[in-house]
Amino acid sequence: MTPILDKLSVAQFILSRDNLHVYLDPRPDDVTIPPWLKHQDEVVLQFGLSCSIPIPDLHLDESGIYGTLSFQQTPYTCAIPWKRIWAMYAGRTNNQPFVWEADRPEPVTEKMPALRRNKKLPRGWALIAGGKK
């Protein structure tokens with residue numbers, strides 16, 4: 001049996017080489033992002049050590065990823081629990097996302113019927129069966 005990659009390890013690996021893009025479910029109360037994004041089915045945020053607008057407080061730990069991001073040149077401190085992140089990928093060096101299917105929100109799954117029906121991902125995506133952390 002192949003071990004399940006945990007989100008913290010994947011995020012640390014990507015951040016050591018590139019910027020990290022995370023797909024997340026913004027709707028739950030434990031997700032801290034700008035209010036105008038909270039009603040979307042999914043949001044993609046970019047974290048990185050070399051972003052054009054620095055994120056000096058970027059922090060990853062066992063519970064999630066945190067940092068002050070810029071939205072239309074306005075800073076906003078974000079907190080994203082791992083259980084709300086369902087995919088991530090490296091920004092410049094590799095566009096192959098890692099997907100935790102168990103954490104993908106239902107509205108997103110409904111938009112991707114081929115994924116739901118066939119359990120197939122678009123070319124270049126890596127499926128990781130586990131989730132919630």
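Modeller: The model is predicted, and what follows should be read as such. The largest share of the pocket lining comes from S4, with 3 residues. S4 spans 64-71, and together with strand S2 (43-47) it is named among the elements that each supply at least two residues of the lining.

The lining of the largest pocket consists of Leu 45, Gln 46, Cys 51, Ser 52, Ile 53, Ile 55, Leu 69, Ser 70 and Phe 71.

Three strands form an open sheet in the order S3-S4-S5, with antiparallel pairing. Strand S3 (59-61) and strand S5 (74-81) are at the edges and have a single partner strand each, so one side of each lacks a neighbour in the sheet. From one strand to the next, the twist averages 20°.

The pairing of S4 with S5 is antiparallel and runs over 8 bridges. One of the bridge pairs joins Thr 68 to Thr 77, the latter in S5. Leu 69, Ser 70 and Phe 71 belong to the pocket lining, and S4, the strand that gives the largest share of that lining, sits between S3 and S5 in the sheet order.

Terms used:
Residues are numbered from 1 along each chain as its sequence is written. This is a predicted model: local features need pLDDT of at least 70, side-chain atom pairs count only at pLDDT 80 or more; totals for chains, interfaces and linings use all residues. Side-chain values use heavy atoms; hydrogens and water are left out. On a 1 Å grid over the protein atoms alone, a cavity is a set of points where a 1.4 Å probe fits but cannot get out, and a pocket is an open set with protein on both sides within 12 Å along at least five of seven lines; lining residues have an atom within 4 Å of a point. Helices (H or I, at least four residues) and strands (E, at least two) are DSSP runs, numbered from the N terminus. Two strands pair if DSSP finds at least two bridges between them. Axes are lines fitted to C-alpha atoms, for helices over the stretch in contact, and angles run from 0 to 180 degrees between N-to-C directions.
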